[in-house]
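Subject: Structure for your review

Dear colleague,

Please find the structure below, handed over for your study. My notes on its aromatic pairs and helix packing follow.

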Amino acid sequence: MTATVRAFPFPRARRLDLEPEYRALREREPVSRVAFPYGEQAWLVTRYADVRTVLTDPRFSRAVSLERDVPRVTEENFSGGLVAMDPPEHTRVRSVCRHAFTARTVARLRQRATTIATDLVETARREGGFDAVEDFALPFTLKMICELLGVPYEDRDHFRYWAEAGLATTSLTEDERWRATGNMWDYIANLVAERRAHPRDDLISAMLAVQSETGAVSDDELVIVAMTILVAGYETTSTQLPNFLYVLLEDRARFETLVADPGLIPGAVEELMRYVPLEANGTSPRYALEDVTLSGVRIEAGEPVVPASVIANRDPEVFTDPDRLDFTRSPNPHLGFGLGAHFCLGAPLARLELQVALDVVTTAVPELRLPEDDDGIEWKEGMLVRGPSRLALAVDSVDSVDPTALAPTASPRPQRSRP
């Protein structure tokens, strides 16, 4: 019997709701055929066990995508860079920043992150507003990644545009995306050359030291890693932070729980990573290197498979009562940071930033709430990630916990290569 082919991505659900098509397929057709706007047809997998297999099993490859008409939402194929490599090449290139995102290294950034977040919140309050996107999430994550990489913060507007271009689908033309990628490449390459001549205490200098010591990567590969870190370390976290605040304030009892008990924040970050559907168009496809059977369906060698982590994170076979937020959920093997060789390189930094941000906000502005109407909320369109582009929150007083009684206590828990 010929499988039904469905148009993908599915019509966008309201705000951060899950598309109902995902649930229906997970229950009745967990391995299904889909057709993207461009590229070849693919298999979509929606059950946790199958998604985990596709993400971790060496029988599935990302590198093959460089040779194929990849299923995608843009006319141009932007597949490439670090996300299109397989081990051992991927392992070799990624090793250049092996000391950058260890839990111990990132923990040293906690105090700096707290200072930045606190200053931003205080400034927003003094100026009489609190846009969780423009006043907080964007400058917070951008300043953190600029300081980590060693990028001058005064160039942040360029970097913001380049990073957002890397995740655009229909919000920019193909020429605009290529131009942004090329400009970012040239900028990072020049910065690498400058740091080679004049090293500093930053990540690019540290990567150059590893390169000099091991000879493991070329200059071009080092630029690719820096670009990947910039986009992944800025745009995704700056989107998830407003997403988290929206979900917490949509049912304000959730927010008040963290106000009353900031010790729950590390667990809340993990649970929100599971619960919030960040991806708007599916994860990058993997190609089967040999015949593989998933949920009784035979995937033939050479066929692309798209793992749908957003619905796998709600699989009742893995998560009890999966549609309920549970800040004490344990274990919580969510796929919010990916899995396997391509597990998010910046996950320790993202965890720290999200924990610190929620700690500071719940301490400094416990009266925070969503606006009475939707005038202060706008949502991203034409991007690979979903979330608000504007989230103007109300800060006038409501019955809540006295902030002076609280103290921050939370503790840690694709780019194309050069055009």
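Phe8, Phe10, Tyr22 and Phe36 form one aromatic cluster in this predicted model. Rings of Phe, Tyr and Trp (for Trp, the six-membered ring) pair if their centres lie within 6.5 Å; planes under 30 degrees apart count as stacked, over 60 as edge-to-face and the rest as tilted. A search of the whole structure finds nine aromatic pairs. In one of them, the rings of Phe10 and Tyr22 have centres 5.2 Å apart and planes at 80°, so the pair is edge-to-face. Phe10 lies in the loop between β1 (5-7) and α1 (20-28) and Tyr22 in helix α1, so this pair ties together parts that are twelve residues apart in sequence. Helices (H or I, at least four residues) and strands (E, at least two) are DSSP runs, numbered from the N terminus. Both Phe10 and Tyr22 are buried, where buried means under 20% relative accessible area, exposed over 50% and partly exposed in between (1.4 Å probe, protein chains only).

The rings of Phe136 and Phe140 have their centres 5.8 Å apart and their planes at 5°, so this pair is stacked. Phe136 and Phe140 are four residues apart in helix α6 (residues 132-149), separated by about one helical turn.

Next comes the helix packing. The axes of helix α11 (residues 252-260) and α14 come within 9 Å and cross at roughly 90°; axes are lines fitted to C-alpha atoms, for helices over the stretch in contact, and angles run from 0 to 180 degrees between N-to-C directions. α11 and α14 are therefore roughly perpendicular to each other (angles under 35 degrees count as roughly parallel, over 145 as roughly antiparallel, 65 to 115 as roughly perpendicular and the rest as oblique). Phe255, Leu258 and Val259 of α11 meet Leu358, Val361 and Thr362 of α14, contact meaning heavy atoms within 4.5 Å.

Phe255 is buried, with a relative accessible area of 0%. Phe255 and Thr362 are 107 residues apart in sequence, yet their C-alpha atoms are 7.5 Å apart in space.

Residues are numbered from 1 along each chain as its sequence is written. Because the model is predicted, local features need pLDDT of at least 70 and side-chain atom pairs count only at pLDDT 80 or more, while totals for chains, interfaces and linings use all residues, and side-chain values use heavy atoms, with hydrogens and water left out.

Yours sincerely
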